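Subject: Structure handover

Hello,

Here is the structure for you to look over. My notes on it follow below.

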Amino acid sequence: MGKIREFFNGVVSEMRKVSWPKRKELTRYTVVVLSTVVFMAVFFALVDLGISTVFRWFLKA
């Protein structure tokens, strides 16, 4: 039991040292992450569409 308490005391101690982002920074980071995810999703969807079109073309020929 003592080791568990010691572990959580260490966790609390380290969490107090964390530099949390301000609201404006957090909003900016969130926008960057979401726009990156959307861009990558569209990019890979287009790549997938291109590859599947090429495969269909080869299979028909």
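First, a definition: buried means under 20% relative accessible area, exposed means over 50%, and partly exposed lies in between (1.4 Å probe, protein chains only). By that rule Phe7, at 53% relative accessibility, counts as exposed. The model is predicted: local features need pLDDT of at least 70, side-chain atom pairs count only at pLDDT 80 or more, and totals for chains, interfaces and linings use all residues. Residues are numbered from 1 along each chain as its sequence is written, and side-chain values use heavy atoms, with hydrogens and water left out.

Overall shape

The secondary structure comes to two helices and zero strands. Helices (H or I, at least four residues) and strands (E, at least two) are DSSP runs, numbered from the N terminus. The radius of gyration is 24 Å, well over the 10 Å that the globule rule gives for 61 residues, so the protein is more spread out than a compact globule. That radius is taken over C-alpha atoms, and the globule rule is 2.2 Å times the number of residues to the power 0.38. Along the principal axes, the C-alpha atoms fill a box of roughly 70 × 35 × 10 Å.

Buried residues make up 0% of the 61 residues. The protein exposes about 6,300 Å², and carbon and sulfur atoms supply 71% of that area. Accessible areas come from the Shrake-Rupley method with a 1.4 Å probe; for residues, only the protein chains shown count as cover.

Helix H1 and the loop

Helix H1 covers 2-17 and helix H2 covers 23-60. Trp20 sits in the loop between them. Trp20 is exposed, with a relative accessible area of 56%.

Arg5 lies in helix H1. At 62% relative accessibility, Arg5 is exposed. Arg5 and Arg28 are 23 residues apart in sequence, and their C-alpha atoms are 37 Å apart in space. Val12 is also in helix H1. Val12 is partly exposed, at 41% relative accessible area. Val12 and Leu34 are 22 residues apart along the chain, with 30 Å between their C-alpha atoms.

Salt bridge

How many salt bridges are there? The count comes to one. The rule asks for a side-chain nitrogen of Lys or Arg within 4 Å of a carboxyl oxygen of Asp or Glu. Glu14 pairs with Lys17, and their closest N and O atoms are 3.2 Å apart. Glu14 and Lys17 are three residues apart in helix H1, so about one helical turn separates them. Glu14 is partly exposed at 46%, while Lys17 is exposed at 60%.

Nonpolar patch

Met1, Ile4, Phe7, Phe8, Val11, Met15, Val18 and Trp20 form a nonpolar patch on the surface. Together they have about 900 Å² of accessible area. Patches are made of residues with over 30% relative accessible area and no salt bridge; like charges are joined within 9 Å, and nonpolar side chains (Val, Leu, Ile, Met, Phe, Trp, Tyr) within 5 Å.

Aromatic pairs

The structure holds four aromatic pairs. Phe7 and Phe8 make an edge-to-face pair, 5.2 Å centre to centre with 70° between the planes. Phe43 and Phe44 are also edge-to-face, at 5.2 Å and 70°. Rings of Phe, Tyr and Trp (its six-membered ring) pair if their centres lie within 6.5 Å; planes under 30 degrees apart count as stacked, over 60 as edge-to-face and the rest as tilted. Phe43 is partly exposed, at 40% relative accessibility. Ring pairs link Phe39, Phe43 and Phe44 into a cluster.

Best wishes
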